[in-house]
Amino acid sequence: MRRQLPPMIRALGNHNYRLWATADFVSVTGTWMQVLGLNWVVMASTGSATSVGLSVLLSTLPALLVGPWAGAIADRFPPRRIILAGQTTHLVIALLLAVLVWQDMPLAGIYGLTAVAGMVGAFESPALGRFAGQVVPRHDLGNALALGSIINSAGRVLGMSLAGVLAAAVGDALLFALNAASFIAVIVTVLVIRTAELHPLAVARAERAGVRAGLAYVRRSHVLIVLFTLGFVLSGLGRNYQVTMAAMAQGPLNSGAAGYGLLSSVFAVGTVIGGVIAARVRELTLPLLLGAAAVTSVLQTVSGFLPGMLGFGAVILPIAAGAVLIDTAKSTRLQLDSAEDMRGRVLSIDGAVAAAAGATGAPLLGWMCERFGASEALLVAGVVTLAATGVATLALQRARRQVVEPVLAPSVA
């Protein structure tokens with residue numbers, strides 16, 4: 001039975017979503033413990049922001065290569081089976097990473113497992129997106145995505161905070177072991193969720209199945225193309241703060257691992273704030289997305305030149321909030337404004353775009369930080385993302401006119 005809750009948390013009135021949200025919180029906490037541990041193991045071993053960027057590249061490249069096929073599979077087969085297989089594999093990979101870090105093995109093995117985890121995540125991601133759309137009715141999806149941002153951000157805060165304490169006290173290997181345990185929460189939830197209360201999505205028929213049909217569908221939508229293009233620029237140069245924060249901590253701020261952990265926690269707090277804002281907004285629209293993109297881009301241009309840890313941290317907070325607002329609005333529009341039987345492929349293309357952004361943006365930012373300095377890299381990246389936002393605004397306005405004008409035009413006998 002559905003519970004009546006305040007509008008800001010209305011999605012929690014669904015039993016299945018409450019289970020899913022709880023499992024998500026546990027899993028995200030473990031994931032961010034591993035992310036911090038992995039980034040710092042690489043940085044401590046090499047002293048290179050470029051190496052951290054390479055680690056990000058290896059985790060995101062598989063989504064770029066196999067994303068469209070993963071989406072086609074998600075649109076044809078039950079997402080629960082895909083999720084169970086993916087979560088079990090992630091558990092094993094996390095345990096292997098714990099052993100490699102504990103034994104102080106060469107980075108090659110860590111890089112290899114990171115790439116395998118990226119491959120598994122690429123196939124799992126569109127299935128997770130479709131399943132998240134089944135645990136709530138359509139009118140609650142936007143709120144569920146916003147609450148998911150809060151849950152993910154809270155898990156990130158907790159994960160980063162615990163990681164900083166545990167890594168200093170008992171070593172980095174434990175972070176990977178705890179992440180392995182966190183996958184059990186998702187596996188159990190998928191097994192016990194009430195299937196009778198799921199909200200089925202349309203499955204792709206044979207004539208609309210496959211990668212080619214999905215690409216053709218996206219090609220016909222100017223709005224989707226603009227969103228994917230803007231998302232590429234914002235993700236590549238405006239979101240890779242795991243690279244630039246590490247570079248700032250090691251360089252201008254000279255604060256080491258403790259500073260990097262603190263900045264990561266501040267960023268995570270900002271994402272919680274962004275999630276709260278998104279949950280309170282009645283409708284997540286394209287103008288809201290574009291406005292948040294413009295503000296965060298301006299803040300990014302000045303972030304590296306503010307004095308000390310306090311100045312940099314103060315501007316990181318609203319940047320993180322804006323990033324969540326952008327991501328939540330974009331995800332909502334991609335899901336609600338696309339056909340149900342194409343949703344897996346639309347989400348997989350979005351994931352592939354994000355992977356391409358990470359594959360190019362993270363190493364590029366790392367190189368810029370080393371070549372010109374972290375502050376200058378943030379300035380250049382912010383200017384580029386601001387320009388991209390302006391172009392996207394004009395393109396979306398033009399796309400709307402192309403849709404409206406034929407309707408308004410007089411008919412010809």
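Q: Is R333 buried or exposed?
A: R333 counts as buried because its relative accessibility is 14%, where buried means under 20% relative accessible area, exposed over 50% and partly exposed in between, with a 1.4 Å probe and protein chains only. This is a predicted model, in which local features need pLDDT of at least 70 and side-chain atom pairs count only at pLDDT 80 or more, while totals for chains, interfaces and linings use all residues. Residues are numbered from 1 along each chain as its sequence is written, and side-chain values use heavy atoms, with hydrogens and water left out.

Q: And which residue forms a salt bridge with R333?
A: The partner is D337, and the closest N and O atoms of the two are 2.7 Å apart. A salt bridge here is a side-chain nitrogen of Lys or Arg within 4 Å of a carboxyl oxygen of Asp or Glu.

Q: OK, how many salt bridges does a search of the whole structure find?
A: The search finds six salt bridges. One of them is made by the side chains of R130 and D75, at 3.0 Å from N to O. This pair links distant parts of the chain, 55 residues apart, with R130 in helix α4 (residues 107-132) and D75 in the loop between α2 (49-74) and α3 (79-102). Helices are DSSP runs of H or I with at least four residues, numbered from the N terminus.

Q: Are R130 and D75 buried or exposed?
A: Both R130 and D75 are buried.

Q: What does D350 form a salt bridge with?
A: D350 is bridged to K330, with 2.8 Å between the closest N and O atoms. Here too the pair links distant parts of the chain, since D350 sits in helix α13 (residues 343-372) and K330 in helix α12, 20 residues apart. D350 is buried, with a relative accessible area of 16%, and K330 counts as buried at 11% relative accessibility.

Q: Changing topic, how many cavities of 30 Å³ or more turn up?
A: A search of the whole structure finds three cavities of 30 Å³ or more. A cavity is a set of points, on a 1 Å grid over the protein atoms alone, where a 1.4 Å probe fits but cannot get out. Its volume is the space filled by probe spheres set on the points.

Q: What volume does the second largest cavity have, then?
A: The second largest cavity has a volume of about 60 Å³.

Q: Which residues line the second largest cavity?
A: The lining of the second largest cavity is made of L234, G238, R239, T296, S297, Q300, I319, A323, I326 and T385, where a lining residue has an atom within 4 Å of a point. Helices α8 (222-238), α11 (286-303) and α12 (308-336) each supply at least two residues of this lining. By type, the lining divides into four nonpolar, five polar and one charged residue; Ala, Val, Leu, Ile, Met, Phe, Trp, Tyr, Cys and Pro count as nonpolar, Asp, Glu, Lys and Arg as charged, and the others, Gly among them, as polar.

Q: Where does L230 lie?
A: L230 lies in helix α8, and it is buried, with a relative accessible area of 5%. L230 and A292 are 62 residues apart in sequence, and their C-alpha atoms are 13 Å apart in space.

Q: How many of the ten residues of helix α9 are buried?
A: Eight of the ten residues of helix α9 (residues 241-250) are buried, so this helix is mostly covered. The buried residues in α9 are Y241, V243, T244, M245, A246, A247, M248 and A249.

Q: What about A146, where is its place?
A: A146 is placed in helix α5 (residues 141-170), and with a relative accessible area of 0% it is buried. The C-alpha atoms of A146 and V324 are separated by 8.6 Å, although these residues are 178 residues apart along the chain.

Q: Last one, where does T195 lie?
A: T195 lies in the loop between α6 (173-192) and α7 (211-219), and at 47% relative accessibility T195 counts as partly exposed.

Key. On a 1 Å grid over the protein atoms alone, a cavity is a set of points where a 1.4 Å probe fits but cannot get out, and a pocket is an open set with protein on both sides within 12 Å along at least five of seven lines; lining residues have an atom within 4 Å of a point.
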